[in-house]
Amino acid sequence: MCCRYFVSEESNQEIRELAGTIDPSAAFPTGDIHPSDRSTILTGRKPGILAEDMRWGFPSYDSKLLINARSETVFEKKSFADSMRWRRCVIAAEHFYEWDADRQIVSFLVPDRKIICMAGIWNAFGKEDRFTVLTREANDSMMPVHDRMPLILNPDRILDWLYDNSRAGQLLTCPQPELKMIDRVPGLQGPYYGPESNGSGQKAEAEEVSGQMSIFDFIS
């Protein structure tokens, strides 16, 4: 799954190069991006690829944030289905973090790629647009740490993901790249994004399960 990721100046430059249009208000924040933070993502809201800022996490009725959506059921969940059909996005990062069973922070990247392109969806809530990250069953390179991972796209599939509804559905089950573990930090470092908190004063929810809101253990 994905509960924190890192963006550097170099990865933001890659985002600029991928985008055909940059929203004038895009701030291109750097450093660790946490749930409820704003981040510069890629959308198809204008012809080509648009880089714009959105906040991470769909709000729910009980003040939790839906920061991930399962790719296997994204078309079935009322919180996500309409966005999956019409409002897809890409979240680019240098690497992402996961917590293992010992609450050690582990960092993952894709070897030989400057950025990881994570599939996402977005929606408007009031006057603010927000995104969430799609996840899928972990591949062999991720499984020793966690049984879920973000849905990662090849950069040459970004336009398909943003604009081609048929192809986007196929990409939900596309083979995932081998990930490289680049760091393992003993002990808990920084906010823990488990059931207690998302570090922003709101509880974090991984996703909607069977139509009911249910706490997801981030280190299961």
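Analyst: Let us begin with a term that we will need for single residues: buried means under 20% relative accessible area, exposed means over 50%, and partly exposed lies in between. Arg-103 has a relative accessible area of 32%, so this residue is partly exposed. Please keep in mind that this is a predicted model.

User: Where does Arg-103 lie, and what is its phi?

Analyst: Arg-103 lies in the loop between β10 and β11, and its phi is near 60°, which is a positive value in a residue other than glycine. Ser-63 has a positive phi too, near 70°, and Ser-63 is placed in the loop between β6 (58-59) and β7 (65-66). With a relative accessibility of 48%, Ser-63 counts as partly exposed.

User: Okay, zooming out, how many helices and strands does the chain have?

Analyst: The chain has four helices and 19 strands. Of its 220 residues, 53% count as buried, and the accessible surface comes to about 9600 Å², with 48% of that belonging to carbon and sulfur atoms.

User: What share of the contacts joins residues at least 24 apart?

Analyst: If we take the contacts between residues at least 6 apart in sequence, 69% of them join residues at least 24 apart. As a separate example of distance along the chain, Met-1 and Ala-69 are 68 residues apart, while their C-alpha atoms are separated by 9.1 Å. Met-1 is in the segment before β1 (5-7), and this residue counts as buried because its relative accessibility is 2%.

User: Which residues have the most contacts inside the largest nonpolar core?

Analyst: That core has 31 residues, and those with the most contacts inside it are Tyr-5, Trp-56, Ile-91, Phe-96, Met-118, Phe-131 and Leu-179. Several strands give two or more residues to this core, including β5 (50-56), β9 (88-93), β12 (116-125) and β13 (128-137). Apart from it there is another core, with 29 residues, among them Ala-19, Val-90, Leu-151 and Ala-168.

User: Why would nonpolar side chains be buried together?

Analyst: What can be said in general is that nonpolar side chains tend to be buried together in soluble globular proteins.

User: And what does Leu-179 touch?

Analyst: Once its neighbours within four places in sequence are set aside, Leu-179 is in contact with several residues, including Phe-96, Phe-108, Pro-111, Met-142 and Ile-152.

User: Changing topic, how many disulfides are there?

Analyst: The structure holds zero disulfides. Cys-3, for instance, is in no disulfide, and the nearest cysteine sulfur, which belongs to Cys-2, is 6.6 Å away. Since its relative accessibility is 0%, Cys-3 counts as buried, and Cys-89 also counts as buried at 0%.

User: What about Asn-12, is it buried or exposed?

Analyst: Asn-12 counts as buried because its relative accessibility is 2%. This residue is found in helix α1 (residues 9-18), and its side chain reaches the backbone oxygen of Phe-28 at 2.9 Å. Not counting residues up to four places away in sequence, Asn-12 touches Val-7, Phe-28, Pro-29 and Thr-30.

User: Last one: where does pLDDT stay under 50?

Analyst: The mean pLDDT of the chain is 86, and 83% of its residues reach 70 or more. However, pLDDT stays under 50 over residues 187-204, where the model has 49 contacts beyond four places in sequence. The value also stays under 50 over residues 208-220, where the model has 46 such contacts.

Methods:
Residues are numbered from 1 along each chain as its sequence is written. This is a predicted model: local features need pLDDT of at least 70, side-chain atom pairs count only at pLDDT 80 or more; totals for chains, interfaces and linings use all residues. Side-chain values use heavy atoms; hydrogens and water are left out. Buried means under 20% relative accessible area, exposed over 50%, partly exposed in between (1.4 Å probe, protein chains only). Contact means heavy atoms within 4.5 Å. Accessible areas come from the Shrake-Rupley method with a 1.4 Å probe; for residues, only the protein chains shown count as cover. A nonpolar core is a set of buried Ala, Val, Leu, Ile, Met, Phe, Trp, Tyr and Cys residues joined through side-chain atoms within 4.5 Å. A disulfide is a pair of cysteine sulfur atoms within 2.5 Å. A polar contact is a pair of N or O atoms within 3.5 Å; within protein, one must be able to donate a hydrogen and the other to accept it, and residues adjacent in sequence count only if both atoms are side-chain atoms. pLDDT is the predictor's confidence in each residue, from 0 to 100.
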